Amino acid sequence: MAYGADGHPVSIRYHPPPMTLKKIAIVPGDGIGPEVIAAGMTILERVKEARKLDLEFVHFNWNADEYLRTGVSMPPGAMDDLRNNYAAIYLGAFGDPRVPDMKHAADILLGMRFQLDLYVNYRPVKLLNDRLTPLKEKGMKDIDFVIFRENTEGAYVGMGGFFRKGTPEEIAVQEDVSTRKGVERIIRHAFEFARKTGRKSVCMSDKSNVMRYGGDLWMRTFEEVAKEYSDIEHFHMFVDALTMQMVRTPELFSVIVTNNMFGDIVTDLGAALQGGLGMAASGNIHPGKVSLFEPIHGSAPKYAGKDVANPIGAILSAGMMLEYLGHPDEADAIEKAVVGAIDADETTHDLGGALGTKAAAEAVLRRLEV
Ligand code: IPM
Ligand code: MN
């Protein structure tokens, strides 16, 4: 079991998908995705072998190359196959300069989030070594919280349109959709998580002073759900203030819940607090169903194929996936090995080390006690 800075357990503790599902879809994607996923796979293969885990890894080459070659992002039936026959998806990153509209990324990554109804975007912000944070006088005891980003609605639904496109009178409308069901289930999830992991508070963040409709729904729902969790403190913070407080007083936060777009933005800031985008792991989860695990960084095309990308975000995402599948001790062992490699300065350049992606992953593998 993994423990946070103040001694509380930080296990995901979700209901895993049925144990009869053994297949894990491996989707490396674009740019540095294949390199960091290869690094994560060395860890997963080792854990699988040592602990005799009944998992079957199935590789898929859905990426920009395939899309450009065939015009198809994902073959017909693939989403149903994932939904019905897989326990989890382990994904690298999407984005390629040759596909400027990100069509394949939208089809595949957002497609999975929406069509598999992965409403919980679970993004822990946990500093693993004091020297990694850019914040002066803050350390591991201060930076240890969890952000839950709503993952199936908000500005990401792609509703809207143009009027008089291409003329000086052009109008573009981009809708931000919040449903009672969608808002309630992510807020409830944040409180449940806080209760199950012994965390003290839930902070809901929005911009309800300006977004008077969606924000109002979030505020009302938050207050109503909070009544059922009187053992957990709850407070609200406007998202502009949240960004400031995450930098000035990160120790204020335990669990944060917010909408899709704000969650996207503040989790990049959260990653920076942990040492950079290369460090942060994430889960796109529908409790009890096939769920998707990925580092939060992008495809970073300019670093692709150079063996420089930090594999830690991908490695920790693999750990998070194992935890989701009911193997918290293995996840804990992975985090410990990562911490050991960082403590020994055996890391990639972004963390101040001198290693490439492969060697940094080997440094973790060498320390893995499973
Ligand atoms: C993320 C990414 C994605 C998002 C992009 C690649 C569509 O930034 O997972 O945070 O905006 O959700
Ligand atoms: Mn993002």
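Begin by selecting Phe163, Ile171 and Val173, which make a nonpolar surface patch of about 260 Å²; such a patch joins nonpolar side chains within 5 Å, from residues with over 30% relative accessible area and no salt bridge (a side-chain nitrogen of Lys or Arg within 4 Å of a carboxyl oxygen of Asp or Glu), and areas come from the Shrake-Rupley method with a 1.4 Å probe. This is a predicted model, in which local features need pLDDT of at least 70 and side-chain atom pairs count only at pLDDT 80 or more. Residues are numbered from 1 along each chain, ligands are numbered from 1 in the order in which they are written, and side-chain values use heavy atoms.

Ile171 is partly exposed, at 37% relative accessible area, where buried means under 20%, exposed over 50% and partly exposed in between.

Then select Lys52, in the loop between α1 (33–50) and β2 (56–59); its phi is near 50°, and Lys52 is exposed, at 71%.

Finally, show ligand 1, which is surrounded by Arg113, Arg123, Arg149, Tyr156 and Asp264, each with a heavy atom within 4 Å. Among the polar contacts (N or O atom pairs within 3.5 Å), a polar side-chain atom of Tyr156 lies 2.6 Å from a ligand 1 oxygen, and for the side chain of Arg113 the distance to an oxygen atom of ligand 1 is 2.7 Å.

Note on methods:
Patch = residues over 30% accessible without salt bridge, like charges linked within 9 Å, V, L, I, M, F, W, Y side chains within 5 Å. Buried < 20%, exposed > 50% of the residue type's maximum accessible area, 1.4 Å probe, protein only. Helix = DSSP H or I, 4+ residues; strand = E, 2+ residues; numbered from the N terminus. Polar contact = N/O pair within 3.5 Å; in protein donor to acceptor, adjacent residues only side chain to side chain.
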